[in-house]
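Subject: Handover of a structure, with notes

Dear colleague,

I am passing this structure on to you, and I would be grateful if you could look through it alongside the notes that I have written. Please open the sequence and the structure first.

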Amino acid sequence: MMASINNIIEEVLANEGGYVNDPRDAGGETNHGITIATARANGFTGPMKSMTRDFARGIYVKMYVEAPGFDKIAAISAAIGAELVDTGVNMGPKVAGQFLQRALNGLNNQAKDYGDLLVDGVAGQKSRDALTAFLKKRGAAGERRLLAVLNAQQGERYLSLCEGRSANEAFLYGWLSRISA
């Protein structure tokens, strides 16, 4: 299990890159995808340029894997877990959890396959049970379709962010690379 979490974090780190201080980015100064506010909230006090990859990795594991329970989702489906971690890093873990819950609700055959979930963004036991029931019924093809629904929601959110703040258009093309694979 830890090997798959490490793989997920390595992919996130590769997507996020190194130090960036783009004035168009509302998140401000970042390194390895970690904003200065998140770094400070997690005890980093130095210049952002000097934050190490290992320090960023620790933040990712703590805030974007373990805290939202995406490690437990990854134990059920590594692909879905990886998607939620990446979406959580880019949009917040609550949003990623909501995407999963909305998708599972839409795929539950009018609650005949498993009950509807409260869309609260908490990937807790009920969400894990629904995911398990969905995958048991739908298998690998269902997993691919669930990933497609998660990616569709992510793409729509990116477009909405651009419509709400034109400066975000500078990032849309790159953001879409996270869902076009």
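Predicted model: local features only at pLDDT ≥ 70, side-chain atom pairs only at ≥ 80, totals over all residues.

Residues are numbered from 1 along each chain as its sequence is written, and side-chain values use heavy atoms, with hydrogens and water left out.

Helices here are DSSP runs of H or I with at least four residues, numbered from the N terminus. The axes of H5 and H7, which are lines fitted to C-alpha atoms over the stretch in contact, come within 10 Å and cross at roughly 20 degrees. H5 is therefore roughly parallel to H7, a term used for angles under 35 degrees between N-to-C directions, on a scale from 0 to 180 degrees. The crossing is left-handed, meaning that the near helix is turned anticlockwise from the far one by less than a right angle. Contact means heavy atoms within 4.5 Å, and among the residues that meet are Ala-79, Ile-80 and Glu-83 in H5 and Leu-131, Glu-143 and Leu-146 in H7.

Helix H8 covers residues 169-176, and Phe-171, Leu-172 and Trp-175 in it are buried (buried means under 20% relative accessible area, exposed over 50% and partly exposed in between, with a 1.4 Å probe and protein chains only). These three lie on the same side of H8, because they cover an arc of only 120 degrees around the axis, taken from the directions from the helix axis to the C-beta atoms. What covers the buried residues of H8 includes helix H5 (78-91) and helix H7 (125-164).

Ser-127, which lies in helix H7, is likewise buried, at 2% relative accessibility. Leaving aside neighbours within four places in sequence, Ser-127 is in contact with Gln-101, Leu-104, Leu-117 and Val-122.

Most residues other than glycine have a negative phi. Asn-109, however, has a positive phi near 60 degrees, and Gln-110 has a positive phi near 55 degrees. Asn-109 is partly exposed, with a relative accessible area of 38%, whereas Gln-110 counts as exposed at 69%.

With kind regards

Methods. Helix = DSSP H or I, 4+ residues; strand = E, 2+ residues; numbered from the N terminus. Parallel < 35°, antiparallel > 145°, perpendicular 65-115°, else oblique.
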